[in-house]
Amino acid sequence: MTQLQYARKGITTPEMVRVAIRENVSPDFVRDEVVRGRLVIPANIRHLAGSGGRPPRMRALRGNGSAHQAVDVDHLTSVTGHPGHGDGARLWVNQTVSQRMAALNDIEMLRGQSAHKRLDPMGIGRMITTKINANIGASPVSSSTDEEVEKLRWAQKYGADTLMDLSTGGNLDACRQAIIDNSTIPIGTVPIYSMIIGRSIEDLDHDTILRIIEHQAAQGVDYFTIHAGVLKENLHLVRNRIAGLVSRGGSMLAKWMIHHNKQNPMYELFDEISAIMREYDVTYSLGDGVRPGCLKDAGDAAQIAELEVLGELTHRAREAGVQVMVEGPGHVPLHEIAWNMQIEQRICDDAPFYVLGPLVTDVFPGYDHITSAIGATEAARAGAAMLCYVTPKEHVGLPKADDVREGCIAYKIAAHAGDVARNVPGARQWDDDLSRARAALNWSKQFELAFDGDRARALHDEDLDVDTDFCAMCGHDWCSVRISKEIVEFASGKAETFQPARPSMSSPGLSAEQQGILRSRGVKHACHSDAVPDAETARQVQQEYVKLNVPR
Ligand code: SF4
């Protein structure tokens with residue numbers, strides 16, 4: 001049975017309990033949200049068990065007066081929020097990069113029945129914290145299985161809550177299994193990509209579609225993007241678009257429909273696909289094959305016509321006992337994003353909305369992690385449940401590991417900003433704690449609390465490798481934080497538990513990774529307070545600098 005079917009029977013599964021722990025809410029709340037269809041737990045039973053694509057060992061559990069089967073593993077029972085979090089702020093998503101790395105490097109943590117790792121169940125829904133997805137995947141011209149597993153590691157390290165393997169080249173089966181067997185986060189795929197390996201889209205038939213979907217479900221994929229909403233009778237609506245169909249799956253299925261003059265096979269086979277997904281508890285991610293690919297096309301008749309079909313399919317999936325979320329645009333002007341969230345909630349009965357960006361302008365290729373993170377922030381504020389990241393390589397090439405990091409960080413910012421704006425209980429405490437450390441000029445604590453403390457420490461020490469009551473940006477005499485801390489009328493920086501151990505001390509030094517960050521920034525320029533042994537010398541250097549450089 002699926003999580004949805006269990007929830008409808010009033011059974012609170014171990015996976016629901018684990019999601020509740022991660023979100024600091026009650027298990028009953030999670031179960032009720034699953035019944036409502038507003039929260040999904042993408043958790044293929046084979047990935048839950050870490051069974052390496054084989055049938056998992058199961059065990060009997062009792063719940064709500066009846067026995068049921070569950071995978072034979074014990075889920076984690078603890079959760080770590082940001083460093084030093086209080087009881088009300090125990091949010092799994094607020095862990096820092098260092099905390100995530102410690103968990104990733106623990107080979108015993110989440111070891112699978114036979115795979116290296118197994119899934120740590122997580123939830124996606126607008127009533128809990130906002131999640132982010134990272135896309136990776138080998139293409140016919142670049143990358144390998146090892147490289148993709150390394151990208152998975154980077155994505156998890158930098159905060160991805162789920163990951164999609166969008167490989168279209170290399171050994172797809174081996175690469176997908178390796179990713180699942182090394183992942184503690186849900187893995188999604190777009191099965192149509194595998195369906196056209198070795199054949200043209202026109203040759204795709206119903207048997208192949210069902211066989212590939214069954215095969216990927218048996219490997220342990222947790223959610224499938226299925227572009228069943230692109231209908232033959234709506235294709236004419238894209239004629240006046242600038243960008244046409246920018247979804248790979250949507251464009252391929254449109255070509256198939258025009259060639260055969262038949263309805264979308266994913267739509268025709270929807271009930272059969274649902275039956276396969278139910279068996280493994282794979283979650284639908286109903287694909288937006290007609291999503292707008294530029295601002296001009298946003299919110300047009302083609303997009304809305306597809307959304308209406310996705311609303312119908314949401315109900316059909318739920319009736320089949322399959323969990324479902326819905327994918328959304330794409331490219332949307334900033335002022336239209338909230339409206340997009342509202343119509344999805346209305347038309348798709350509040351199924352979790354999983355949006356790509358959206359990009360709020362089209363003219364910054366090379367920086368689309370930024371243009372899209374702006375849209376993603378607004379989407380998160382307005383009710384998106386998961387944000388699919390965009391990397392700097394969007395529109396121009398295949399992301400490398402570094403691009404995965406940039407994309408994840410941009411989207412962690414968007415998701416957290418959304419959680420703060422939505423008043424998710426406990427989300428803001430992380431910000432307030434870091435602000436107290438900043439006001440106390442406690443550099444070590446500030447970097448411990450920073451999401452990517454390694455980078456923050458490296459940038460600080462690039463200019464001044466002394467932790468003291470100013471930094472190199474303004475210098476001692478102009479440091480408003482230091483001045484505020486000294487003024488007794490203000491509370492700034494006086495919280496006792498946030499005081500540095502000493503007012504001035506040498507930096508603990510940079511790790512090899514932090515030194516690498518600085519090397520990647522090129523030759524370091526001398527700074528007025530650079531590399532001095534203590535605060536007093538830094539002040540003297542600074543005064544010399546002022547005498548020499550500041551006109552009087
Ligand atoms: S020197 Fe400027 S940037 Fe640095 S801590 Fe003080 S106020 Fe902030």
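## Helix H13

How far does helix H13 reach from its first C-alpha to its last? In this predicted model, H13 covers residues 301–319. Its 19 residues reach 28 Å, close to the 27 Å expected at 1.5 Å a residue. Just after the helix ends, Gly321 takes a positive phi of about 85°.

Now look at which parts of H13 are tucked away. The buried residues are Ala302, Gln303, Glu306, Leu307, Val309, Leu310, Leu313, Thr314 and Ala317. Viewed down the helix axis, they fall within an arc of 165°, so they line one face of H13. Here's a handy bit of background: an α-helix has 3.6 residues a turn, so residues three or four places apart point the same way. And what covers that buried set? The cover includes helix H12 (270–280), strand S9 (283–286), strand S10 and helix H14.

## Strands side by side

Let's move on to strand S10 (residues 324–328). S10 and strand S11 run parallel, joined by 3 bridges. Together with helix H14 (residues 337–347), S10 and S11 make a right-handed β-α-β unit.

S11 also pairs with strand S12 (residues 386–388), again in the parallel sense and over 3 bridges. Here, Leu356 stands opposite Cys388 in S12. To get from S11 to S12, the chain crosses through helix H15 (residues 368–382), and this β-α-β crossover is right-handed.

Are the faces of strand S11 (residues 353–356) covered or uncovered? Both are covered: Phe353 and Val355 are buried on one side, while Tyr354 and Leu356 are buried on the other.

## The nonpolar cores

Which residues have the most contacts inside the largest nonpolar core? They are Ala155, Ala384, Leu387, Cys408 and Tyr411, in a core of 131 residues. Helix H16 (residues 401–421) supplies the largest share of this core, with 7 residues. Apart from it lies another core, this one of 5 residues, including Leu464, Phe470, Cys471 and Ala535.

Leaving aside its neighbours within four places in sequence, Ala384 is in contact with Thr130, Met341, Phe353, Val355 and Ala379.

Definitions and conventions: Residues numbered from 1 in each chain as written. Predicted model: local features only at pLDDT ≥ 70, side-chain atom pairs only at ≥ 80, totals over all residues. Core = buried A, V, L, I, M, F, W, Y, C linked by C-beta atoms within 7 Å. Buried ≥ 20, exposed ≤ 12 C-beta atoms within 10 Å, placed from the backbone. Helix = DSSP H or I, 4+ residues; strand = E, 2+ residues; numbered from the N terminus. Contact = placed C-beta atoms within 7 Å. Pairing = 2+ DSSP bridges. Right-handed = clockwise from strand over helix to strand, strands pointing away. Expected span 1.5 Å × (residues − 1). Arc of directions from axis to C-beta.
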